[in-house]
Amino acid sequence: MHPPADADARRAIAPVICYPNDSLPAPDLALYRAARDGADKTGEVLVPPRDARAFRVPAGHVFRISPVEGPQVGDLNLWNAHDLSERFYSGKSRALHGTHLTTGERMWSSFPHLRPMATIIEDTLSWYGIDQYGGSVHDVIGTRCDPYTGNLLSGTQYHHCCHSNLTRALAYETGMSLHEAEPHVHDVLNVFMCTGFTRDTGQYFMKASPVRPGDHLDFFAEIDLLGALSACPGGDCSSEHSSDAAACHPLLVEVFAPQPGALDGWTSPPVNGYDRSHGR
Ligand SMILES: [Zn+2]
């Protein structure tokens with residue numbers, strides 16, 4: 001196809017940020033961090049390699065995800081603990097904050113709720129920034145590794161992709177069957193994963209995660225949460241996923257309860273204010 005005469009001029013138009021994020025309500029990070037600093041640990045869940053576990057976090061509590069033995073990527077799903085139809089909305093979180101999340105940014109919930117489910121209050125990998133390949137950490141651009149894509153591309157039957165791990169974990173936690181649980185699994189926050197899009201072909205890429213034992217990501221639960229975390233079969237995602245080839249390590253989820261009074265004046269965010277009449 002021949003380009004039009006003004007092709008260069010059209011390409012030269014400067015981009016406009018879709019959602020200027022200075023209009024987003026800012027989280028009170030000082031309050032959240034002070035609550036965390038005085039908090040008591042109330043529980044922990046160790047997620048085995050190539051598997052997932054569910055966990056619950058009451059509103060106002062903090063949860064921390066950390067690798068314990070070596071570099072490991074995690075796939076995180078979040079639901080409203082009382083209504084699984086309200087779940088993490090990766091695409092809108094990406095539209096609001098960008099391709100990768102870090103300190104002060106939020107995991108937003110699906111329509112019609114569209115409210116913060118969790119706020120990242122500390123990210124020990126925030127130093128990484130955006131590397132020379134356009135890669136960064138904790139993306140909301142991937143989906144989750146799954147057995148259907150593996151079957152499509154190479155005819156495999158692999159059962160420990162994050163999609164299946166999350167399905168098993170949710171089924172076990174809720175008592176649902178696997179077939180009942182599966183439709184609740186959704187696109188993830190790729191915790192500790194280093195990803196981007198190639199500049200020349202626009203393809204999704206991954207590279208070895210910079211995470212090391214001692215790093216962590218801390219989240220403030222804005223509402224009562226049911227979470228599930230999969231320790232991806234890709235390990236640090238330096239080579240491949242959707243197989244048992246990569247070195248994999250456990251991930252630790254710890255939950256902390258703030259002291260009474262530490263969150264005085266704070267309440268869970270209300271559901272979105274749109275009236276849902278849709279023009280009728
Ligand atoms: Zn995975």
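Strand β2 (residues 52–57) is mostly covered, with five of its six residues buried. Here a buried residue has 20 or more other C-beta atoms within 10 Å of its own, an exposed one has 12 or fewer, and a partly exposed one falls in between, with C-beta atoms placed from the backbone. Please keep in mind that this is a predicted model: local features need pLDDT of at least 70, side-chain atom pairs count only at pLDDT 80 or more, and totals for chains, interfaces and linings use all residues. Residues are numbered from 1 along each chain as its sequence is written.

The chain holds six helices and 13 strands; these are DSSP runs numbered from the N terminus, helices being H or I of at least four residues and strands E of at least two. Strands count as paired if DSSP finds at least two bridges between them.

| Strands | Sense | Bridges | Bridge partners |
|---|---|---|---|
| β2 (residues 52–57) and β12 (residues 225–231) | antiparallel | six bridges | Val57 and Leu225 |
| β1 (residues 40–47) and β13 (residues 251–257) | antiparallel | seven bridges | Glu44 and Glu254 |
| β3 (residues 62–67) and β13 | antiparallel | six bridges | Pro67 and Leu251 |

Now for the whole chain. Along the principal axes, the C-alpha atoms fill a box of roughly 65 × 45 × 45 Å. Of the 280 residues, 41% count as buried.
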